[in-house]
Amino acid sequence: MSLEGKVAIVTGSGRGLGLAYARELARQGAAVVVNDVDESIAAEAVAAIEADGGRAVAVVAPVGPTDTAKRLVQTAVDTFGRLDILVTNAGVLRDTVLWKMSDDDFDTVIDVHLRGTFTCVREAATYMRANEIPGRIICIGSPTGQRGNFGQTNYAAAKAGIVGMVRTWALELKKAGITANAVIPVAATAMTATVPYFAAAVEADEKGEPMPAFFRHDLGFGTADDVAGLIAYLGSDAAASVTGQAIGVGGDRLQLWSHPEAVVTAYHEGGWSYADLEAQFPSLVGEKLQSVGEKFPPLPEELQR
Ligand SMILES: NC(=O)c1ccc[n+]([C@@H]2O[C@H](COP(=O)([O-])OP(=O)(O)OC[C@H]3O[C@@H](n4cnc5c(N)ncnc54)[C@H](O)[C@@H]3O)[C@@H](O)[C@H]2O)c1
């Protein structure tokens, strides 16, 4: 087993993707600190891991505040003796268009995803550095953070922010041998079950049938278990040289995302005045303007619901 002797924390692991990550890490030999706000699903997750022959303990607490981050790391160390892998996965949605989004909608999503990632990684990295453990930080992003999405101002801010933090942590933690990567998952879970476009895939999954190839292959949309292998790989010694990356996975598809970089660079001595820009912007930049949002191919007729 590739993670024998290692200890992992997975936030928001009572169900969905987090549960799949926790179970796979345990299958690969890691002892796992399960975390969720929902006590019963956290207990069920621990029981499922133990039934598979693994080791797990639950911390029922909301990710976001520093206190929870401290409890998670302390529990890993007190129960299993160390901490090697942190997966920041806990998440909530409060979707609505910008002009209807309340301060509370914004703050709730930022608090769980962005602050929760920051506080947990700060605590874990501090522990790993102090104990000279070449740890693994795996943070969960989203296609929305990479490209934007209608109705998700708060979530786009949080998920883009997470990838920005990961790039910074890859730099800051390199000397300590700690890697920091973002995983951009796509899978059928409670979070995606209500999206009409994915209805036929979710329906197949719920019946225990294989998802149509259009979803698995063309869209990179599969089950939570399809994402878990990448989490275990990034947590392993085999991935020691992989850091600062944003890696997408879903269904049959694996993707390495680029980081933003300049696509046009032009110079004008003395700087760019309004008049310079009016004269030159269209020819210099016009054809290179970047697209936003995800592009979904039309659903084949037989998969429309
Ligand atoms: N499902 C997808 O296709 C998809 C795509 C991109 C990103 N993601 C991301 O993957 C992660 C997991 O998503 P999912 O689809 O499994 O969602 P989910 O809603 O099924 O699971 C999220 C879990 O997090 C828990 N949680 C919520 N707030 C918490 C908090 N403050 N502290 C601790 N636990 C908390 C919930 O109780 C739940 O068990 C999220 O970060 C999500 O944004 C999912």
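Where does UniProt place the feature "domain: Ketoreductase"? The record, an unreviewed entry, puts it at residues 6-189.

1. Basis of the note. This is a predicted model, in which local features need pLDDT of at least 70 and side-chain atom pairs count only at pLDDT 80 or more, while totals for chains, interfaces and linings use all residues. Residues are numbered from 1 along each chain as its sequence is written.

2. The annotated span. UniProt positions are given in the numbering used here, with feature names shortened, and annotations may be inferred rather than shown by experiment. Residues 6-189 are 51% helix and 17% strand, and the end C-alpha atoms of this span lie 27 Å apart. Helices (H or I, at least four residues) and strands (E, at least two) are DSSP runs, numbered from the N terminus.

3. The chain as a whole. Its secondary structure comes to ten helices and eight strands. The radius of gyration, taken over C-alpha atoms, is compared with a globule rule of 2.2 Å times the number of residues to the power 0.38. For 305 residues a compact globule would have a value near 19 Å, and the 21 Å of the chain agrees. Along the principal axes, the C-alpha atoms fill a box of roughly 65 × 55 × 40 Å.

4. Burial and contacts. A residue is buried if 20 or more other C-beta atoms lie within 10 Å of its own, exposed if 12 or fewer, and partly exposed in between, with C-beta atoms placed from the backbone. On that count, 43% of the 305 residues are buried. Two residues are in contact if their C-beta atoms, placed from the backbone, lie within 7 Å. Among contacts in the chain with a separation of 6 or more, 70% join residues 24 or more positions apart.

5. The ligand shell. A residue is near a molecule if its C-beta atom, placed from the backbone, lies within 6 Å of it. There are 29 residues around the ligand, and Gly12, Gly16, Gly91, Thr189 and Met191 come nearest. By class the shell has 14 nonpolar, twelve polar and three charged residues. Here Ala, Val, Leu, Ile, Met, Phe, Trp, Tyr, Cys and Pro count as nonpolar, Asp, Glu, Lys and Arg as charged, and the others, Gly among them, as polar. Helix 1 (16-27) and strand 2 (31-36) each supply at least two residues of this shell. The largest share, three residues, comes from helix 1.

6. Helix 1. Eleven of the twelve residues of helix 1 are buried, including Gly16, Tyr21, Arg23 and Glu24. The expected span of a helix is 1.5 Å times one less than its number of residues. Gly29, with a positive phi near 110°, follows the helix.

7. Ile231 and its contacts. Ile231 lies in helix 9 (residues 224-235). It counts as buried because 29 C-beta neighbours fall inside 10 Å. Leaving out residues up to four places away in sequence, Ile231 touches Tyr21, Glu24, Leu25, Val87, Ile138 and Val183. Val87 is 144 residues from Ile231 in sequence, yet 8.1 Å away in space, C-alpha to C-alpha.

8. Helix 6. This helix has 21 residues and reaches 30 Å from its first C-alpha to its last, close to the 30 Å expected at 1.5 Å a residue. Its buried residues include Tyr155, Lys159, Met165 and Trp169. Among the elements that cover them are helix 4, strand 5 and strand 7 (246-250). Ala157, also found in helix 6 (residues 153-173), is partly exposed because 17 other C-beta atoms lie within 10 Å. Ala157 and Thr144 are 13 residues apart in sequence and 8.9 Å apart in space, C-alpha to C-alpha.

9. Val202. Val202 is found in helix 7 (residues 199-206) and counts as buried, with 20 C-beta neighbours inside 10 Å. Not counting residues up to four places away in sequence, Val202 touches Ala188 and Ala193. The C-alpha atoms of Val202 and Tyr127, 75 residues apart along the chain, are separated by 40 Å.

10. A backbone point to check. Glu132, a residue other than glycine, has a positive phi, near 50°. Glu132 lies in the loop between helix 4 (103-130) and strand 5 (136-140). With 9 other C-beta atoms within 10 Å, Glu132 is exposed.
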